[in-house]
Amino acid sequence: MPTNWRKLALPALALTFLLAGCANSSLPQDALDPEGPFARKVHNLAMPVFGIAGIVFVIVEGLIVYSVIRFRRRSDDESPLQVHGNAKAELAWTIAPALTLALVGIFTVGTIIQLDRVPKGADVLKVNVTGHQWWWEYEYPGKQVVTANELHIPTGVDVALTLRSKDVIHSFWPPKLAGKIDVIPNRENHMTINADKPGTYYGQCAEFCGISHANMRVRVVAHEPAEFAAWVKSNAAGPATPDAADTEAVAGQALFRAKGCASCHAVKGFAAGAVGPDLTHLRQREVFAGAIFDLNEKNLRRWLRNPPGEKPGSIMPNLNLTEEEITSLIAYLDTLK
Ligand SMILES: [Cu+2]
């Protein structure tokens, strides 16, 4: 027996260091590495609760191991001391857990109330988030801005998200900025986020929502406030109409209507479809289709050839476009800056 314990000690030690290392990593979706005040509130609750759970674990397991060894059966005719009906013991093991849970409960409910509060005031940025199978729509009320898959925010500002769903239940989860919130049809939910520093924060839909659930990622891009204001300004305007000399793009724009793209996609001043993402400023985005593909010519071409082949279950159908049509359409999409 003792030799076995020694054999286990080394892997156990290694595992401990590995876990300790993880807690300090720069993994993109690390919920233990908050980068904003709201995520920090969750973290400041989770860590002490984890500590309390750890203490309870050690006490309970310690008592079990102690009892197993100390009171193990030594001879056949021996039976253990019976404590049934021992009022003192029963009171103790009822009251101690109840007090522990009450303590944890007070702090938990307090944090929930704080996180539930929808911030108000002129400096709060409001964004309407809509979950779709399998992408996110972001609308900035009063700012004439609608975009998809990339949520742009200013740093250091409370961003009040109002979340709704077009189809099934999704869950919005940017782990370094906040916890999770379900996005439910016919219901409005709220979440507040705030990012300390500029950068890209990653996340994903956290509620199984159909075949491409795993292809529905969350991306929050935080900018310095001045840079964010510039982003809003450029996204509020419509795109320039393609230059008449750019015959490829002009042909692409005509195809955009002829092939039915315009009935599913909006392009400010040109098309008003509302099934798929708003494409007005597609070319300002770095990623598309639920943030699973980098936005470049090669990936757009593959997408237009066969969307459901690139993303299982895609609501955008295969439109059987020819390579020439795709070239023209991409030339048009390139003008959507
Ligand atoms: Cu989803």
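The legends below describe close-up views of a predicted model.

**Figure 1. The whole chain.**
The chain holds nine helices and 14 strands. Its C-alpha trace spans about 100 × 50 × 35 Å along the principal axes. The radius of gyration is 28 Å, whereas a compact globule of 337 residues would have a value near 20 Å. Of the 337 residues, 26% are buried. Contacts were also sorted by separation along the sequence: among those between residues at least 6 apart, 68% join residues at least 24 apart.

**Figure 2. The helix pair H2 and H3.**
Helix H2 covers residues 37–70 and helix H3 covers residues 87–116. Two packed helices are described by the angle between their axes and the distance between the axes. For H2 and H3 the angle is about 170 degrees and the axes are 10 Å apart. An angle over 145 degrees counts as roughly antiparallel, and H2 is therefore roughly antiparallel to H3. On the H2 side the contact is formed by Phe38, Lys41, Leu45, Val49, Ile52 and Val56. These residues meet Thr100, Val104, Phe107, Thr108, Thr111, Gln114 and Leu115 in H3. Sorted by class, the contact of H2 with H3 has eight nonpolar, four polar and one charged residues.

**Figure 3. The open sheet of five strands.**
This sheet has mixed pairing and the strand order E3-E2-E1-E5-E8. Strand E3 (145–148) and strand E8 (189–193) are at the edges; each has a single partner strand, so one side of each is left without a neighbour in the sheet. Direction ignored, neighbouring strands of this sheet are turned by 25 degrees against each other on average. Strands of a sheet pair through backbone hydrogen bonds, either parallel or antiparallel. Strand E1 (residues 125–132) runs parallel to strand E5 (residues 159–165), and seven bridges join the two. Val129 has Leu163 in E5 as its bridge partner, and Thr130 has Arg164 in E5.

**Figure 4. The hairpin of E1 and E2.**
E1 pairs with strand E2 (residues 135–140) in the antiparallel sense, over five bridges. A hairpin of two residues links E1 to E2. His132 stands opposite Trp135 in E2. Most residues other than glycine have a negative phi, and most peptide bonds are trans. The bond between Gln133 and Trp134 is a cis peptide bond, with omega about 0 degrees. Trp134 lies in the loop between E1 and E2.

E9 and strand E10 (residues 217–223) pair over six bridges in the antiparallel sense. Within this pair, Gly199 stands opposite Ala222 in E10.

**Figure 5. The crossing of H5 and H9.**
The axes of helix H5 (residues 247–258) and helix H9 (residues 323–333) come within 7 Å. They cross at roughly 100 degrees. Angles of 65 to 115 degrees count as roughly perpendicular, and H5 and H9 are therefore roughly perpendicular to each other. The H5 residues in the contact are Glu248, Ala249, Ala251, Gly252, Gln253, Leu255 and Phe256. Their counterparts in H9 are Glu325, Thr327, Ser328, Leu329, Ala331 and Tyr332. By class, the contact of H5 with H9 has seven nonpolar, four polar and two charged residues.

**Figure 6. Two loop residues with positive phi.**
Asn186 is in the loop between strand E7 (181–183) and E8. Its phi is near 60 degrees, a positive value in a residue other than glycine. Asn186 has 6 other C-beta atoms within 10 Å and is exposed. Ala291 is in the loop between strand E13 (287–288) and strand E14 (293–294). Ala291 is not a glycine either, yet has a positive phi of about 65 degrees. Ala291 has 23 other C-beta atoms within 10 Å and is buried; the cut-off for buried is 20 or more.

Notes
Residues numbered from 1 in each chain as written. Predicted model: local features only at pLDDT ≥ 70, side-chain atom pairs only at ≥ 80, totals over all residues. Helix = DSSP H or I, 4+ residues; strand = E, 2+ residues; numbered from the N terminus. Rg over C-alpha atoms; globule rule 2.2 N^0.38 Å. Buried ≥ 20, exposed ≤ 12 C-beta atoms within 10 Å, placed from the backbone. Contact = placed C-beta atoms within 7 Å. Pairing = 2+ DSSP bridges. Axes fitted to C-alpha atoms, helices over the stretch in contact; angles between N-to-C directions. Parallel < 35°, antiparallel > 145°, perpendicular 65-115°, else oblique. Nonpolar A, V, L, I, M, F, W, Y, C, P; charged D, E, K, R; others polar.
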